[in-house]
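Student: Could you take me through this structure? I would like to begin with a helix and then turn to the cavities.

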Amino acid sequence: MDYRRFFSEAIDQLHAERRYRVFADLERIAGAFPRAIWRSGDTAREITVWCSNDYLGMGQHPDVIAAMREAAGRMGSGAGGTRNISGTNHPLVELEAELADLHGKEAGLVFTSGFISNEASISTIARLLPNCLVLSDELNHASMIEGVRRSGAEKKIFRHNDLAHLESLLAAAGRERAKLIVFESVYSMDGDIAPIAEIADLADKYNAMTYIDEVHAVGMYGARGGGITERDGLAHRIDVIEGTLAKAFGVIGGYITGSAAIIDAVRSYAPGFIFTTALPPAIASAATTSIRHLKTSSAEREAQRRQAQRTKEVLGAAGLPVVPSATHIVPLLVGDPELCKMATDRLLEKHGIYIQPINYPTVPRGTERLRITPTPFHGDALIEGLRDSLVETWEALGIGFGSRERTPAAASERVIPLAVPKSGG
């Protein structure tokens, strides 16, 4: 048995389908965001990052860095164990209290990543509910899809943001059956927003629980950065609010907030929580500092909104195919995987601009795109430079211009079954 051949052929398939991922070797420069050093072979160049999830630049905020340094100097680099075995450090306890307060919930629970928080929480909640039916938006993130799968519960997929379809599934299940509706607030590939109030109304009508993923909204929306649910005054109507510490808060980790009973159940039953080493105190302290800052400062959010809107206007005026978005996400449609990769390569090598291509299976075939995420630190001059570089790239590669209507995107990391080619002979 030639085991290596099977793995090589699996990789060859990705190359053939033009969806093999290449990771850029970057070195962020604290204090100079969005500038970074790009290393390729023996060369190193300073470039501008236009696709970072550090939406507000909090990863370089002096107070956040100082909190991380102070905690590491005082308590060391690691947590020392799982939460149950010596790993529940005091900064982590403070962080969970800060998150519960952010969303107006009784309790919070921190995980090592947003993926794990979704996978572990959804699977545990659905598994603990008797005969649970999970109703999942078709564009949910892969972490949510994996959580549903691991729960072993029956699932029904409702069309993206389609309230009539969701209601028909709820009605068919009946009021007495346990039901869990899982959806996102901001969908990161198109930048559209779920009809949260209407989904909450349906949950009330049909006696269902609600679980919302706010990873692309926490820190970004609401008077204190509590996300779309805070902005729209809906947090109290959602049973579980999940978020991340790795995007607008600029650190790493994921979390859920909810009632004390729900949080304690997940804490006590979720293998993804129980058997994982806790976040280090330095990370927890940095995250708490970032959250506290954004609870009282709206300057970062206002500057980000201004620059995102400016980017949309400037690129649109140049005839570039900007997909309409109600949020901070600026999708630029290419529509071909090879052209998408060629565009990103040219932008990086010729113009010093880094934007990672978004291809299948992250989005459906034919909707390949560049996903641009302006921050408060992308000034007007950088925006104009981006426009000029994109226009040159579009013309050089023969990519179509013109404003494009919204095209449905798949989940930002949708799980796609792997079809490995069989070897001949």
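Predicted model: local features only at pLDDT ≥ 70, side-chain atom pairs only at ≥ 80, totals over all residues.

Student: What span does H1 reach from its first C-alpha to its last?

Tutor: Helix H1 covers residues 3–16 and reaches 21 Å, close to the 20 Å expected at 1.5 Å a residue. Helices here are DSSP runs of H or I with at least four residues, and strands are runs of E with at least two. The expected span is 1.5 Å times one less than the number of residues.

Student: Which residues of H1 are buried?

Tutor: Glu 9, Ala 10, Gln 13 and Leu 14 are buried (under 20% relative accessible area, with exposed meaning over 50%, for a 1.4 Å probe and protein chains only). They lie on the same side of H1 because they cover an arc of only 145 degrees around the axis, taken from the directions from the helix axis to the C-beta atoms.

Student: And which are exposed on the other side?

Tutor: Arg 4 and Ala 16 are. Just after H1, Arg 18 has a positive phi of about 60 degrees.

Student: New topic: which elements give two or more residues to the lining of the largest cavity?

Tutor: Strand S4 (107–111) and helix H11 (271–274) do.

Definitions and conventions: Residues numbered from 1 in each chain as written. Heavy atoms only, no water.
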